[in-house]
Amino acid sequence: MASLSLISPQSPCSTLRHHLPSTFFPNPTIRIRQTSPSIKAFSAPIPSPLTQDELKKLAADKAVEYVQRGMVIGLGTCSTAAFIVSKLGELLSTGQLTNIIGVPTSKRTEEQALSLNIPLSTLDNHPHIDLAIDGADEVDPNLDLVKGRGGALLREKMVKAASDKFVVVVDDSKLVSGLGGFGLAMPVEVVQFCWKYNLVRLQELF
């Protein structure tokens with residue numbers, strides 16, 4: 001089972017209320033889930049107020065520090081993941097990172113990675129992934145996530161399931177007191193196989 005790490009830039013107005021070795025809590029709504037010691041939350045300190053895109057880039061840069069030479073990397077699909085792919089392309093082009101293979105979770109991510117000359121593969125050819133990095137639509141205090149509003153839920157879940165470690169990158173705007181806190185629809189992705197069965201199951205929920 002993959003371990004999960006959450007990386008979030010520290011809000012300039014937040015205070016550091018808890019401290020554990022190697023674990024930092026950027027916001028009082030983020031904590032370690034006691035039943036899963038493999039889950040950690042990290043923050044990247046911010047010296048001054050930044051835009052949302054700057055926060056995403058800061059968190060993405062921190063996440064890429066997990067990537068090492070020779071790894072197979074799951075590449076997520078979201079606005080934050082785009083910063084991750086961009087950073088990987090930059091490190092490859094300057095020679096600071098070598099010999100990695102990316103497994104994209106969407107056509108959009110695939111096209112961006114190819115434009116940056118990031119070597120790509122598929123789960124069929126690389127069924128074992130060392131590290132997957134992706135964003136999330138919502139994160140609650142237990143580090144439970146809502147994902148999939150970017151339209152790549154199924155492939156994201158498959159890549160995550162094949163990964164040894166799963167790093168989630170978010171900015172403070174994704175933090176909620178409970179899942180569904182933004183009042184948006186929960187993403188559901190259904191494949192063509194047995195879609196009628198799944199339709200009935202979904203209808204039974206309402």
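Colleague: Which residue does Asp134 form a salt bridge with?
Modeller: Lys147. The closest N and O atoms are 3.0 Å apart. Keep in mind that this is a predicted model.

Colleague: Are Asp134 and Lys147 buried or exposed?
Modeller: Both are buried. They also belong to a network of salt bridges that includes Glu156.

Colleague: How many salt bridges are there in the whole structure?
Modeller: The search finds 6. One of them joins Arg149 to Glu138, with the closest N and O atoms 3.2 Å apart. Arg149 lies in the loop between β9 and α4 and Glu138 in strand β8, so this pair ties together parts 11 residues apart in sequence.

Colleague: Why does Glu138 count as buried?
Modeller: Because its relative accessibility is 0%, and buried means under 20%. Arg149 is partly exposed, at 27%.

Colleague: New topic. How many cavities of 30 Å³ or more are there?
Modeller: The count is 1. The largest cavity has a volume of about 40 Å³. Asp134 and Glu156 are among the residues that line it.

Colleague: What kinds of residues make up that lining?
Modeller: 5 nonpolar, 3 polar and 3 charged.

Colleague: And the surface? Which residues form a nonpolar patch there?
Modeller: Leu154, Met158, Val191 and Phe193. Together they have about 390 Å² of accessible area. Met158 lies in helix α4 and is partly exposed, at 44%.

Technical notes
Residues numbered from 1 in each chain as written. Predicted model: local features only at pLDDT ≥ 70, side-chain atom pairs only at ≥ 80, totals over all residues. Heavy atoms only, no water. Patch = residues over 30% accessible without salt bridge, like charges linked within 9 Å, V, L, I, M, F, W, Y side chains within 5 Å. Areas by Shrake-Rupley, 256 points an atom, 1.4 Å probe, with all protein chains shown as cover. Salt bridge = Lys/Arg side-chain N within 4 Å of Asp/Glu carboxyl O. Helix = DSSP H or I, 4+ residues; strand = E, 2+ residues; numbered from the N terminus. Buried < 20%, exposed > 50% of the residue type's maximum accessible area, 1.4 Å probe, protein only. 1 Å grid on protein atoms, 1.4 Å probe; cavity = no way out; pocket = protein on both sides within 12 Å on 5 of 7 lines; lining within 4 Å. Points joined across faces, edges and corners; volume = space filled by probe spheres on them. Nonpolar A, V, L, I, M, F, W, Y, C, P; charged D, E, K, R; others polar.
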